[in-house]
Amino acid sequence: MKRRAVLKSLALALSLPRFPSFSFRHDREKEADLEATTAREQRAFQYESLMAATQGFSKKNRLGQGGFGPVYRGRLKDGRDVAIKRLAAGSRQGAREFRNEATLLSRVQHRNVVNLIGYCARGAEDKLLVYEYVPNESLDKILFAPASGHSSSNSYRSRRAELTWPRRHEVVVGVARGLLYLHEDAHTPIIHRDIKASNILLDDRWVPKIADFGMARLFPEAGDGRSRVHTRVAGTNGYMAPEYLMHGDLSTKADVFSFGVVILEIVSGRKNSAFVPPADSEGADSLLEYAWRLYKKGRSLELLDPAVKASAVAEQVELCVRIGLLCVQAIPQLRPDMKRVVTILSNKQSTLEEPMQPGVPRSQRPGLRGLPYYVGSSSDTSSPTTTVKSHVSASVSDAMTTSSAYTIRSQGGMPLPSHREEHE
């Protein structure tokens, strides 16, 4: 099949309503995106070959379920193991994510970003993305493996013991480098919008790879000197930055906030959205607030997962906690960018400021109109409340809830989006 015919057939298969996140593109740019995806014919797989590779998409080959649809393990005729994402039938949002992910990953090549091998588009329903298979699967399955449960969890519990502190530290460094590449070194800057433990894959050498670009957004505005844009909200509860969650203000600092949550989860072995306060937490309602309280008392090492205490390096643990807290500051300008994070993690000399208490904005207090955030009441607010830093909210618990939707304690109680929900 000639290249133009391949391009035409894929364009028809991917024909979708205009996606607002890509409203900055012209038709010519869209065509260029598709051409980039189909530049090499070997990226296109026959549906029948993927059926055979997964044994007819059998349940025993199913690796999990994502927002895009189910993911299967397969083996190609040439012996390569692959992971195949299959679009959920009738999913309009999944179809948008398919196009988004295929277009973005066709341009991306980095050690800490999952490698897209190819795709398959057959008719209106059958759309599949083919990735390199990552043996240790996603970080969350290992990091948050239950102490007891069904036999299917046994393998993850056994591998959790292999996730030593040196390996956890390398995961933190690797994800930071992957995000730096996406934000600054990719063909066009990319904001992932859904950085979390389940979207970090670990290969056979425990090298982390950022995955699931269905909600990622190209960010050409960065080249125009614009630090943020206003867009619809899409993400996962417990990981979204407050300015993005509440107002749709998107910038690379939204990924930085999510990364900060992930760092604290990796250190502690606790999931932020399922945080259960320890007896000595003094009312901390989230992992972020608990980490802050320990940090202010000089007891950051107590946050460390007991499973890795034997292999931990105290200085690295304390530094990771401090970086994590800096990344989850409520004011985006107070968060470091990923270049600075990588520099600090690389043991290069850098002056590191004190993190303020992490939090999210509530309603605007009378007399503070125009200011984005304010200090709420807290039993542990010891920092000076001056300059812009004084407007950081003192409570994390309102936003880091485990419920299916957020509620702002403001006039009218405006509802906020739940897991992966998008608003036009």
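Reader: Leaving aside neighbours within four places in sequence, which residues is Glu 137 in contact with?
Author: In this predicted model, Glu 137 is found in the loop between strand 5 (126-132) and helix 5 (139-143). Its relative accessibility is 14%, and since buried means under 20%, Glu 137 counts as buried. Beyond four places in sequence, Glu 137 is in contact with Leu 63, Tyr 156, Arg 159, Ile 200, Leu 201 and Leu 202.

Reader: Is Arg 160 buried or exposed?
Author: The place of Arg 160 is in helix 6 (residues 154-160). Leaving aside neighbours within four places in sequence, the contacts of Arg 160 include Ile 142, Ala 145, Arg 168, Gly 269 and Asp 305. With a relative accessibility of 17%, Arg 160 counts as buried.

Reader: Which residue has its backbone oxygen 2.9 Å from a polar atom of the side chain of Arg 160?
Author: The residues in contact with Arg 160, beyond four places in sequence, include Ile 142, Leu 143 and Ala 145. One of these supplies a backbone oxygen that lies 2.9 Å from a polar atom of the Arg 160 side chain, and that residue is Leu 143.

Reader: How many bridges join strand 4 to strand 5?
Author: The two strands run antiparallel. Tyr 119 has Leu 129 of strand 5 as its bridge partner, and Cys 120 stands opposite Leu 128 in strand 5. The number of bridges joining strand 4 to strand 5 is six.

Reader: Which residue in strand 5 is the bridge partner of Ala 83?
Author: Strand 3 (residues 81-86) also pairs with strand 5 in the antiparallel sense, over five bridges. Strand 5 is mostly covered, with six of its seven residues buried. The bridge partner of Ala 83 in strand 5 is Tyr 131.

Reader: Why is helix 10 (residues 287-296) described as largely enclosed by the rest of the structure?
Author: Buried residues of helix 10 include Leu 287, Tyr 290, Trp 292 and Arg 293. What covers the buried residues includes helix 9 (252-268) and helix 11 (314-327). Just after helix 10, Gly 298 takes a positive phi of about 70 degrees. Helix 10 is largely enclosed because its buried residues number nine of the 10.

Reader: Which residues of the largest nonpolar core touch the most other members?
Author: In soluble globular proteins, nonpolar side chains tend to be buried together. The largest nonpolar core here has 93 residues. One of them, Phe 259, touches residues including Val 172, Leu 179, Ile 195 and Met 338, not counting those up to four places away in sequence. The members that touch the most others are Leu 139, Leu 182, Ile 190, Phe 259, Val 267 and Leu 303.

Reader: What is the relative accessible area of Gln 55?
Author: Gln 55 has a positive phi of about 55 degrees although it is not a glycine. Its place is in the loop between helix 3 (47-53) and strand 1. Gln 55 is partly exposed, and its relative accessible area is 49%.

Reader: What is the relative accessible area of Trp 206?
Author: Trp 206 is found in the loop between strand 7 (200-202) and strand 8 (208-210). Its phi is near 65 degrees, a positive value in a residue other than glycine. Trp 206 is buried, and its relative accessible area is 7%.

Reader: What is the mean pLDDT of the protein?
Author: Where pLDDT is low, the predicted coordinates should not be read in detail. pLDDT stays under 50 over residues 30-42 and also over residues 361-424, for which the model has 157 contacts beyond four places in sequence. In the protein, 68% of residues reach 70 or more, and the mean pLDDT is 75.

Reader: What percentage of the 424 residues in the protein is buried?
Author: The protein has 12 helices and 13 strands. Among contacts between residues at least 6 apart in sequence, 64% join residues at least 24 apart. Of the 424 residues, the buried ones make up 55%.

Definitions and conventions
Residues numbered from 1 in each chain as written. Predicted model: local features only at pLDDT ≥ 70, side-chain atom pairs only at ≥ 80, totals over all residues. Heavy atoms only, no water. Buried < 20%, exposed > 50% of the residue type's maximum accessible area, 1.4 Å probe, protein only. Helix = DSSP H or I, 4+ residues; strand = E, 2+ residues; numbered from the N terminus. Contact = heavy atoms within 4.5 Å. Polar contact = N/O pair within 3.5 Å; in protein donor to acceptor, adjacent residues only side chain to side chain. Core = buried A, V, L, I, M, F, W, Y, C linked by side-chain atoms within 4.5 Å. Pairing = 2+ DSSP bridges. pLDDT = per-residue confidence, 0-100.
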